[in-house]
Amino acid sequence: MDDKIRGILPIPERTRSVPTAMDRKDQTGKFTPVADLRPPENAPNVVLVLVDDMGFGASSAYGGPCEMPTAERLSGDGLLYNRFHVNALCSPTRQSLMTGRNHHSVGMGVTSEMATSAPGYTGFRPASAATIAQTLSGNGYCTAAFGKWHQTPPREVSASGPFDRWPTGEGFDKFYGFMGAEMNHWYPQLYDGTTPVEPERRPEDGYHLSEDLVDRTIEWVQTQKTLTPDKPFFSYVAFGATHGPFHVRPEWKDKYRGRFDSGWDAQREATLARQKKMGVVPESADLAPWAESVPHWDELDDTERRVAAGFMETYAAYAEHTDSQVGRLVDALEEIGELDNTLFIYIMGDNGASGEGGIEGTTREHLVGHGFTDSTAAMAEELDRLGDASTYAIYPVGWALAMNTPYQWTKQVASHYGGTRNGMIMHWGNGIDAGGGVRDQWHHVIDIAPTIFEAAGVPQPVSVNGVAQQPIEGTSMLYTFNQPDAADRRRTQYFEMCGNRSIYHEGWTAVTRHGTPWQMVPQGLPSFADDVWELYDTTTDWSQAHDLAAEYPDKLRELQQLFLIEASKYNVFPLDDRVTERENPKLAGRLDLFGERKSVTYRAGMGRFTEETAPNVKNRSHTITAKIDVPDGGVDGVIIAQGGRFGGWSLYVADGYLSYAYNCYGRDHYTVKATQQLEPGSHELRLEFAYDGGGIGNGGKVQLLVDGQSVGEGRVERTTSYYFSFDETLNIGVDRGTPVTEEYAAVDNGFTGTIHTVRVDLEGGDPQELESEADRQRRLLAHQ
């Protein structure tokens with residue numbers, strides 16, 4: 001089958017034999033069986049592994065302190081790339097990875113939660129940019145995705161769909177994982193295809209999400225090779241790790257005890273020395289400048305150092321545990337004889353290490369996400385629990401900078417290599433003649449798709465499902481496999497994220513940073529015209545350590561003009577650091593599931609409603625009305641709950657008493673209880689929350705009523721301003737995931753009576769109208 005035919009997907013059916021007689025006995029010609037679709041001969045399996053939020057200098061394969069023996073093994077037999085780049089943020093990198101196009105070209109200029117109506121920022125992948133999975137599936141591959149997705153418009157993540165932008169609508173036969181930015185690894189809320197599921201096992205049974213994902217991947221691969229051994233597969237495994245929360249069992253932490261007591265400054269020096277010894281960076285490489293406003297290790301007091309070291313011990317354990325799961329997958333491929341026949345791509349980071357834990361770090365991510373500082377003294381008391389289900393931790397920004405050694409800045413900062421340069425390893429026994437080498441050709445995440453297509457022998461499609469395809473903008477890296485000294489084939493690449501922007505061209509980079517990611521409430525961003533540009537010659541300054549802007553102003557102007565050309569070509573403009581339009585669905589042009597509705601009625605069994613698909617009860621008065629039946633012998637359990645241990649609210653019955661719990665950021669807890677037990681029979685239960693007003697995050701009065709009679713009242717002094725959770729949901733009759741309150745158990749908290757309806761009524765206008773511009777900026781930056 002030639003490339004012209006394979007370039008049109010689905011591949012057109014060939015002309016079949018036609019009947020020549022009415023009776024089968026009189027048929028003169030043989031009919032041709034419908035043949036299975038097969039890829040080109042010798043097409044390899046493809047495994048694409050993506051680790052979340054890992055910096056260039058974290059993995060031991062790149063000289064870092066996190067022991068990752070699988071990465072070392074694969075690079076020892078394969079190739080390690082030391083100039084590989086991504087888009088500085090998760091959704092944009094993943095959309096580029098899946099399509100082979102720049103993120104603005106496929107509508108993902110920012111995360112899916114920040115979409116606008118501007119062409120480069122819609123959050124919708126156009127049908128003219130087919131995915132790797134669509135192309136390989138259309139050429140006869142089995143396809144499956146496991147783990148994090150974060151590419152579907154948030155308001156489409158519901159039982160109403162539509163589902164064409166879910167993994168199974170984008171070319172994957174199988175999906176098992178989660179749809180958003182992050183997930184609790186002890187109590188995940190997952191999807192099997194488009195069906196909501198939760199694990200049967202729990203942390204006390206030994207459950208961990210990363211292990212579950214690899215168990216499912218191995219099972220799927222083994223099944224494919226058992227049923228169709230001559231048919232290749234494509235498996236995309238995207239871990240939630242090492243994105244926060246840092247969740248790992250204590251035994252993985254023990255080996256790292258005390259390893260980071262010397263601090264992040266010393267770690268940078270040690271990592272750079274190892275990188276030079278390993279040949280990951282040249283001997284001439286210097287440490288890039290330290291980020292302004294971030295304290296050096298010797299500026300911390302003893303408690304701050306102890307807490308910071310504990311965070312890094314937990315992160316290193318989390319990273320090693322993740323790599324160990326990749327190792328199980330590699331072992332499984334080797335066991336069935338498929339490892340050498342598999343192009344195994346291991347990308348260690350969809351952006352640089354994350355500084356979103358703030359200066360101090362946090363055991364409650366949502367607290368810092370709302371602009372509050374976590375208490376170092378309180379965190380010191382939690383050190384032994386870091387990594388378990390009672391914490392939702394992210395390390396201090398100082399460790400993020402160290403994990404990006406030798407580069408400067410972090411995730412979100414697309415201007416500098418600390419946000420965009422990541423480790424990447426290729427392994428293919430049948431395709432790489434001599435393993436163990438380092439490749440320094442300059443490449444980008446959009447180059448992965450064309451590399452896979454060339455390895456598989458399939459053309460880049462010109463038409464998919466009747467839609468003409470826009471050109472793939474990446475360049476295949478296959479030429480580097482057996483030509484270590486081959487000249488670069490990628491000469492130019494732009495970067496832009498949240499106004500941070502840069503241009504690479506033939507070794508030179510011109511860069512400008514527009515914001516600081518860990519300043520959740522920036523004190524006034526500059527105009528884009530006032531941004532200060534820097535200039536680096538990376539042929540002599542590997543790590544962007546020495547700014548040459550003052551010495552070569554003509555070169556800087558040349559590259560600034562080139563950025564304008566590339567940005568215009570790929571839908572980057574208009575640059576947008578506003579937040580009001582992005583957060584207002586009407587102005588942004590996004591689907592708003594609830595629109596102007598102020599009342600919604602749920603029924604028993606409904607649930608798994610994400611924050612974007614649930615009524616917004618924050619910063620406004622509201623009422624919850626439930627019609628229930630209480631059986632003889634009494635009742636217990638959850639009637640309706642939203643969120644979980646690190647933020648949310650719940651209306652429930654405990655020991656027969658109607659109760660309401662409000663959990664603000666996992667730190668401030670409030671409970672209001674009825675003064676009398678519920679009697680058997682039918683009842684109307686009512687919660688009235690009277691918001692104080694006067695801005696966002698303020699308190700309110702709570703009243704509980706049974707059959708119209710007040711049975712309890714109290715106050716909530718502080719409420720959640722922007723979001724309850726990125727990974728928990730709203731559910732009827734049960735509190736899924738972690739519990740909002742410790743008064744009932746995790747998972748085993750279902751309502752023991754009968755729920756007929758639960759109605760949520762909202763009062764007042766859009767609560768976003770109460771926000772200041774600084775409030776909106778904080779809310780926007782929290783969704784990363």
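1. Q544 sits in the loop between β18 and α14. This is a predicted model. In it, Q544 has a positive phi of about 55°, although it is not a glycine. Buried or exposed? With a relative accessibility of 1%, Q544 counts as buried.

2. T538 belongs to the loop between β18 (533-537) and α14 (553-569). Its relative accessibility is 8%, so T538 counts as buried. Where does its side chain reach? The side chain of T538 comes to 2.4 Å from the backbone oxygen of G507. Leaving aside residues up to four places away in sequence, T538 touches Y417, Y504, G507, W508, T509 and Q544.

3. The chain separation from L97 is 453 residues. Between the C-alpha atoms of A550 and L97 there are 36 Å.

4. W409 is another residue to check for backbone geometry. Its phi is positive, about 70°, and W409 is not a glycine. W409 lies in the loop between α11 (397-403) and α12 (417-420). The relative accessible area of W409 is 4%, which is under the 20% limit, so the residue is buried.

5. Two cis peptide bonds deserve a look. One joins A241 and T242, with omega about 10°. T242 is in the loop between β8 (233-238) and α6 (250-254). The other runs from G244 to P245, with omega near 5°. P245, too, is found in the loop between β8 and α6.

6. How many residues does the largest nonpolar core have? It has 114. The residues with the most contacts inside this core are M312, Y315, F344, Y346, Y395, W399 and M403. Helix α8 (residues 302-335) gives the most to the core, with 15 residues. Take W399 as a case. Not counting residues up to four places away in sequence, W399 touches F260, G263, W264, Q267, W297, A308, A309 and M312. Another core, of 45 residues, lies apart from the largest one. Among its members are F84, V86, F234 and F453.

7. Helix α8 also packs against α2 (residues 69-77). The angle is about 45°, and the axes are 7 Å apart. The two helices are therefore oblique to each other. Which residues make the contact? From α2 they are P69, T70, A71, R73 and L74. From α8 they are D323, V326, G327, V330, D331 and E334.

8. Last, the cysteines. How many disulfides does a search of the whole structure find? The search finds 0. C66 is in no disulfide, and the nearest cysteine sulfur, that of C90, is 20 Å away. A pair of cysteine sulfurs has to be within 2.5 Å to count as a disulfide, so this distance rules out the pairing. C66 is buried, with a relative accessible area of 0%. C498 is likewise in no disulfide. For C498 the nearest cysteine sulfur is again that of C90, at 10 Å. C498 is buried as well, with a relative accessible area of 17%.

Definitions and conventions:
Residues are numbered from 1 along each chain as its sequence is written. This is a predicted model: local features need pLDDT of at least 70, side-chain atom pairs count only at pLDDT 80 or more; totals for chains, interfaces and linings use all residues. Side-chain values use heavy atoms; hydrogens and water are left out. Buried means under 20% relative accessible area, exposed over 50%, partly exposed in between (1.4 Å probe, protein chains only). Helices (H or I, at least four residues) and strands (E, at least two) are DSSP runs, numbered from the N terminus. A polar contact is a pair of N or O atoms within 3.5 Å; within protein, one must be able to donate a hydrogen and the other to accept it, and residues adjacent in sequence count only if both atoms are side-chain atoms. Contact means heavy atoms within 4.5 Å. A nonpolar core is a set of buried Ala, Val, Leu, Ile, Met, Phe, Trp, Tyr and Cys residues joined through side-chain atoms within 4.5 Å. Axes are lines fitted to C-alpha atoms, for helices over the stretch in contact, and angles run from 0 to 180 degrees between N-to-C directions. Angles under 35 degrees count as roughly parallel, over 145 as roughly antiparallel, 65 to 115 as roughly perpendicular and the rest as oblique.
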